[in-house]
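Open the model in your viewer and keep the sequence panel beside it. This tour tells you what to select next and what is there.

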Amino acid sequence: MLVEACVDSVESALAAKRGGARRLELCSNLDVGGTTPGVALIDEVQARTGLPVMAMIRPRGGSFVHTDAECDQMRRDIDVARRANVAGVVLGVLRDDDRVDVERTRALVEHAAGTPVTFHMAFDRTPNQRMALEEVIDAGVTRVLTSGGAPTAIEGADALAALVAQAGERIVILAGKKVRGDNVKELVRRSGVREVHARSLADESQIRAVVDAL
């Protein structure tokens with residue numbers, strides 16, 4: 001099992017490492033769901049932790065429907081992240097009807113030029129997750145962060161299990177949203193996921209509780 005920690009500072013990244021996280025999702029502005037971190041923060045977190053870093057690529061909070069200009073900015077941010085040698089990038093683009101914007105997603109994946117891409121929690125806004133999973137696979141995405149569309153991952157465990165079965169070996173299902181030490185074991189048992197995502201605070205106890213439960 002792999003535990004990925006969502007972090008927004010050097011302090012929370014170091015706490016995640018102490019807690020036993022094996023990969024980091026690095027964001028700024030977690031109060032709006034996360035936006036693209038600056039290169040200085042990326043460099044510092046990588047240097048101080050030595051852990052693989054997945055950099056959020058999101059130009060703003062709010063809607064996941066992005067304009068052409070915002071997608072251009074996302075491409076530039078991907079370039080910056082790749083020059084910083086990140087392990088991957090995290091992004092998500094939807095259409096006005098909340099379906100996956102396959103064309104724009106594919107273009108961003110192609111721009112990442114082999115750098116692994118995670119489709120973030122925008123996935124949980126899609127009206128048909130089985131269809132959405134096929135769409136992100138078709139776009140070349142490596143991993144999907146999802147709670148199965150539920151308010152928490154444990155509540156979405158059965159939906160996650162269906163996604164894991166559908167995905168097979170084609171894409172990784174990363175379970176996230178309120179993953180805690182007191183529910184992660186049941187979540188893994190019921191869903192069959194092999195990776196979980198939890199938020200790290202400056203105190204490593206939350207990540208440590210998840211790691212120890214597994």
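Begin with the charged pairs: the structure holds 18 salt bridges. A salt bridge here is a side-chain nitrogen of Lys or Arg within 4 Å of a carboxyl oxygen of Asp or Glu. Note that this is a predicted model, where local features need pLDDT of at least 70 and side-chain atom pairs count only at pLDDT 80 or more, while totals for chains, interfaces and linings use all residues. Residues are numbered from 1 along each chain as its sequence is written, and side-chain values use heavy atoms, with hydrogens and water left out.

**Stop 1**

Select Arg23 and Glu4. They form a salt bridge, with 2.7 Å between the closest N and O atoms. The two residues sit 19 residues apart, Arg23 in strand 2 (residues 23-26) and Glu4 in strand 1 (residues 2-7). Helices (H or I, at least four residues) and strands (E, at least two) are DSSP runs, numbered from the N terminus. Are Arg23 and Glu4 buried or exposed? Both are buried. Buried means under 20% relative accessible area, exposed over 50%, and partly exposed in between (1.4 Å probe, protein chains only).

Next, select Arg18 and Glu204. Their side chains meet in a salt bridge at 3.3 Å, N to O. Arg18 lies in helix 1 (residues 10-19) and Glu204 in the loop between strand 8 (195-199) and helix 8 (205-213), so the pair ties together parts that are 186 residues apart in sequence. Arg18 is partly exposed, at 44% relative accessible area. Glu204 is also partly exposed, at 26%.

Move to Arg60 and Glu70. Here the closest N and O atoms of the salt bridge are 2.6 Å apart. Arg60 is in the loop between strand 3 (53-56) and helix 3 (68-83), and Glu70 is in helix 3, ten residues away. Arg60 is partly exposed at 25% relative accessibility. Glu70 is buried, with a relative accessible area of 15%.

**Stop 2: the nonpolar cores**

Select Leu133 and Val196. Of the 61 residues in the largest nonpolar core, these two touch the most other members. A nonpolar core is a set of buried Ala, Val, Leu, Ile, Met, Phe, Trp, Tyr and Cys residues joined through side-chain atoms within 4.5 Å.

Stay on Val196 and show its contacts (heavy atoms within 4.5 Å). Leaving aside neighbours within four places in sequence, its partners include Met1, Leu2, Val3, Leu174, Val184, Leu187, Val210 and Leu214. Another core, of six residues, lies apart from the largest one; among its members are Cys6, Cys27, Met54 and Met56.

**Stop 3: helix 4**

Select residues 102-112. Which residues of helix 4 are buried? They are Val102, Thr105, Leu108, Val109 and Ala112. Seen down the axis, they fall within an arc of 130 degrees, so they line one face of helix 4. The arc is that of the directions from the helix axis to the C-beta atoms. On the other side, Glu103 and Glu110 are exposed. The buried residues of helix 4 pack against helix 3, strand 4 (88-91), strand 5 (117-119) and helix 5 (129-138).

Step just past the helix to Ala113. This residue takes a positive phi of about 55 degrees, although it is not a glycine. Ala113 lies in the loop between helix 4 and strand 5.

**Stop 4: helix 7**

On the way, click Lys178, in the loop between strand 7 (172-176) and helix 7 (184-191). Lys178 is not a glycine, yet has a positive phi of about 55 degrees.

Then select helix 7. Val184, Leu187, Val188 and Ser191 are buried there. They cover an arc of only 95 degrees around the axis, which puts them on the same side of helix 7. The face turned away from that buried side carries exposed Lys185 and Arg189. Cover for the buried residues of helix 7 includes helix 6 (157-167), strand 7, strand 8 and helix 8. Just after helix 7, Gly192 has a positive phi of about 80 degrees.

**Last stop: the whole chain**

Zoom out. The chain has eight helices and eight strands. Buried residues make up 53% of its 214 residues. Its C-alpha atoms fill a box of roughly 45 × 40 × 30 Å, taken along the principal axes.
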